[in-house]
Amino acid sequence: MHQLTDNALMLKVKSGDLDKLGLLYERHKKRLFGFFYNMNGNASTSEDLVQNVFVRILKYKHTFTGEGSFSAWMFRTARNVNNDHYKKYKKEAHQAELSSVEYKLEDESRLNAKMDKSDEIGQLSRAMNQLPPEKREVLILSKYKGIKFSEIGEILGCSEGAAKVKAHRALKDLRTIFLQLETK
């Protein structure tokens, strides 16, 4: 029985006899696999790329003219598949690297924010300890415990207005001490 050439098989595929593509696949899968494996050293990726070549051959069968060799046309397609794969892979790897860096930066900024907050809390605590006891007391009652100024006035034995003034002055002194500690 007389065997059809690759060009004749591809012309049949082009005219609609898609079963002939299976014959071309069987003839060339090992050569294509070797090409891809030598390019990337990964058997799984090479198998996928061989499949992609034949999908693309089917998709672009109308571009095969029959002039020149089928092998040259097929390997030109294989080169394009390989280049497209690595452009996509490189872009995905780059995206993954960027998202990893963004995550690390975000994570680092969160860590820095926590450290800054921790430093500020420590500094605020030191500033509170430098306040006279009566000023510290009014701030603790009003700001930390959330007690109303009418009740603070009762606790301190003064009017609500006087309690507000004491809290305001204590807060002003605390701010001054806090800023002095910050510049040290």
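Reply: Let's start with a term: a crossing is called right-handed if the near helix is turned clockwise from the far one by less than a right angle, and left-handed if anticlockwise. Keep in mind that this is a predicted model. Two packed helices are described by the angle between their axes and the distance between the axes.

Now for our pair. Helix H2 covers residues 19-40 and helix H3 covers residues 43-59; their axes come within 8 Å and cross at roughly 135°. That angle makes H2 oblique to H3. The crossing of H2 and H3 is right-handed.

Which residues do the touching? On the H2 side they include Leu21, Leu24, Tyr25, Leu32 and Phe36, and on the H3 side they include Leu49, Val50, Val53, Phe54 and Ile57. Sorted by class, the contact has 14 nonpolar, 5 polar and 2 charged residues.

A search of the whole structure finds 7 aromatic pairs. Because Tyr25 lies in H2 and Phe54 in H3, the pair ties together parts that are 29 residues apart in sequence. Tyr25 is partly exposed, with a relative accessible area of 22%, while Phe54 counts as buried at 6% relative accessibility. The cut-off for buried is under 20%.

Finally, look at Phe36 again: this H2 residue is among those that meet H3, and ring pairs link Phe36 with Phe35 and Phe75 into a cluster.

Key. Residues are numbered from 1 along each chain as its sequence is written. This is a predicted model: local features need pLDDT of at least 70, side-chain atom pairs count only at pLDDT 80 or more; totals for chains, interfaces and linings use all residues. Side-chain values use heavy atoms; hydrogens and water are left out. Axes are lines fitted to C-alpha atoms, for helices over the stretch in contact, and angles run from 0 to 180 degrees between N-to-C directions. Helices (H or I, at least four residues) and strands (E, at least two) are DSSP runs, numbered from the N terminus. Angles under 35 degrees count as roughly parallel, over 145 as roughly antiparallel, 65 to 115 as roughly perpendicular and the rest as oblique. Contact means heavy atoms within 4.5 Å. Ala, Val, Leu, Ile, Met, Phe, Trp, Tyr, Cys and Pro count as nonpolar, Asp, Glu, Lys and Arg as charged, and the others, Gly among them, as polar. Rings of Phe, Tyr and Trp (its six-membered ring) pair if their centres lie within 6.5 Å; planes under 30 degrees apart count as stacked, over 60 as edge-to-face and the rest as tilted. Buried means under 20% relative accessible area, exposed over 50%, partly exposed in between (1.4 Å probe, protein chains only).
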